[in-house]
Amino acid sequence: MIFYTTYKNETSSEWVTFVHGAGGSSSIWFKQIREFQKHFNVLLLDLRGHGESKPNLKNGFKQKYTFKSIAQDVYEVIDHLKIESSHFVGISLGTIVIRQLAEMHPTRVKSMIMGGAILKMNFRSQILMKLGNIFKYVLPYLVLYRFFAFVIMPKKNHKQSRLLFINEAKKLYQKEFIKWFKLTAEINPVLRWFRQVEINIPTLYVMGQEDYMFLPSVRQVVEKHYKTAELFVIENCGHVVNVEQPLQFNSAVISFVQSKA
């Protein structure tokens with residue numbers, strides 16, 4: 001089973017589960033834990049190959065990674081902890097894992113909060129993926145990751161997010177990075193399906209105004225999925241909303257979760 005940590009709230013029966021993105025770990029939620037624990041039970045996960053979910057898993061995950069298998073890892077933890085249903089908060093690629101989990105086990109997902117959500121790979125991100133695929137066996141993965149981090153989070157005020165993700169990515173093995181990178185091959189059909197099909201689960205998209213690669217497609221999807229989806233845009237903020245503007249992020253997400261509890 002992947003590594004997890006729980007923070008209990010003795011007066012609440014509501015759970016909030018945090019899912020990080022590729023190259024991150026549960027440590028990226030350090031600005032959320034204290035605030036969320038005041039109101040809810042909190043579950044933090046390290047996705048396979050990340051954070052603490054790697055030493056004992058090296059042999060167990062020789063198979064190809066898919067969004068379904070990664071979502072199933074998350075399901076196994078909530079099932080093990082006997083969590084009937086949880087609100088899920090994700091960042092970046094973690095939002096795809098949450099949506100995949102909601103497709104597979106909809107009764108276990110009470111609401112979805114999608115921070116820096118990826119719903120469509122625009123032209124620039126498609127080029128990035130192509131470059132990554134060409135160079136993934138040639139360049140040290142950290143060189144690629146640094147480059148991606150600068151393209152996705154280019155501004156001075158994105159520096160903290162950039163450094164956090166680069167430092168977390170340093171803990172990945174090259175093999176692990178390649179497995180995760182190969183996931184991008186299945187990303188387009190998966191995202192196309194998610195854009196087309198509105199799932200009957202309350203969803204809040206929390207996006208940075210400067211998240212120029214991913215915000216436009218999220219706006220379009222929220223307009224289409226108006227029955228279940230809301231959009232909250234944070235000014236002066238890039239892709240990693242929970243790190244760059246934690247006060248606004250925490251306030252918006254906590255009030256959304258409380259309204260759906």
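A residue counts as buried when its relative accessible area is under 20%, as exposed when that area is over 50%, and as partly exposed in between. In the predicted model described here, glutamate 210 has a relative accessible area of 15% and is therefore buried. Its partner in a salt bridge is lysine 155, and the closest N and O atoms of the two residues are 3.8 Å apart. Lysine 155 belongs to the loop between helix H5 (141–152) and helix H6 (159–169), whereas glutamate 210 belongs to the loop between strand S6 (203–208) and helix H9 (215–224); the pair thus links distant parts of the chain, 55 residues apart. Lysine 155 is partly exposed, because its relative accessibility is 41%.

In the whole structure, seven salt bridges are found. Another of them joins aspartate 79 to arginine 108, with 3.1 Å between the closest N and O atoms. Since aspartate 79 is part of helix H2 and arginine 108 is part of the loop between H3 and strand S5 (109–115), this pair ties together parts that are 29 residues apart in sequence. Aspartate 79 counts as partly exposed because its relative accessibility is 36%, while arginine 108, at 11%, counts as buried. A further salt bridge connects the side chains of glutamate 35 and lysine 38, at 2.7 Å from N to O. Here glutamate 35 is partly exposed, its relative accessible area being 30%, and lysine 38 is exposed, with a value of 52%.

The packing of helices was examined next. Helix H2 (residues 67–80) and helix H3 (residues 93–104) have axes 8 Å apart and pack at an angle of about 80 degrees. Angles of 65 to 115 degrees count as roughly perpendicular, and H2 and H3 are therefore roughly perpendicular to each other. On the H2 side, the contact is formed by Phe67, Lys68, Ile70, Ala71, Gln72, Val74 and Tyr75, which meet Leu93, Ile96, Val97, Gln100, Leu101 and Met104 in H3. By class, the residues of this contact of H2 with H3 comprise ten nonpolar, two polar and one charged.

One of the H3 residues in this contact is Leu101. Leucine 101 is buried, because its relative accessibility is 1%. When neighbours within four places in sequence are left aside, leucine 101 is in contact with Ala71, Val74, Tyr75, Phe88, Pro106 and Val109. Among these partners, Ala71, Val74 and Tyr75 are H2 residues that take part in the contact with H3. By contrast, leucine 101 and glycine 208 are 24 Å apart in space, C-alpha to C-alpha, and 107 residues apart in sequence.

Helix H7 (residues 174–182) has Glu176, Phe177, Ile178, Trp180 and Phe181 as its buried residues. These buried residues pack against H2, H3, helix H4 (123–135) and H5. For H5 and H7, the axes are 10 Å apart and the packing angle is about 50 degrees, which means that H5 is oblique to H7. In this contact, Tyr141, Leu144, Tyr145 and Phe148 of H5 meet Gln174, Phe177 and Phe181 of H7. The contact of H5 with H7 consists of six nonpolar residues and one polar residue, with no charged residues.

Aromatic rings were also compared in pairs, and the structure holds five aromatic pairs. In one of them, phenylalanine 18 and phenylalanine 36 are arranged edge-to-face, with 5.1 Å from centre to centre and 85 degrees between the planes. Because phenylalanine 18 lies in strand S2 (residues 15–19) and phenylalanine 36 in helix H1 (residues 33–37), the pair ties together parts that are 18 residues apart in sequence. Phenylalanine 18 is buried, at 0% relative accessibility, and phenylalanine 36 is buried with a relative accessible area of 0%. Another pair, formed by phenylalanine 147 and phenylalanine 148, is tilted, with 6.2 Å from centre to centre and 45 degrees between the planes. In this second pair, phenylalanine 147 is partly exposed, with a relative accessible area of 40%, whereas phenylalanine 148 is buried, with a value of 10%. Phe148 is also one of the H5 residues that meet H7. Finally, Phe18 and Phe36 belong to one aromatic cluster together with Trp29 and Phe40.

Technical notes. Residues numbered from 1 in each chain as written. Predicted model: local features only at pLDDT ≥ 70, side-chain atom pairs only at ≥ 80, totals over all residues. Heavy atoms only, no water. Axes fitted to C-alpha atoms, helices over the stretch in contact; angles between N-to-C directions. Helix = DSSP H or I, 4+ residues; strand = E, 2+ residues; numbered from the N terminus. Parallel < 35°, antiparallel > 145°, perpendicular 65-115°, else oblique. Contact = heavy atoms within 4.5 Å. Nonpolar A, V, L, I, M, F, W, Y, C, P; charged D, E, K, R; others polar. Salt bridge = Lys/Arg side-chain N within 4 Å of Asp/Glu carboxyl O. Buried < 20%, exposed > 50% of the residue type's maximum accessible area, 1.4 Å probe, protein only. Phe/Tyr/Trp six-rings, centres within 6.5 Å; stacked < 30°, edge-to-face > 60°.
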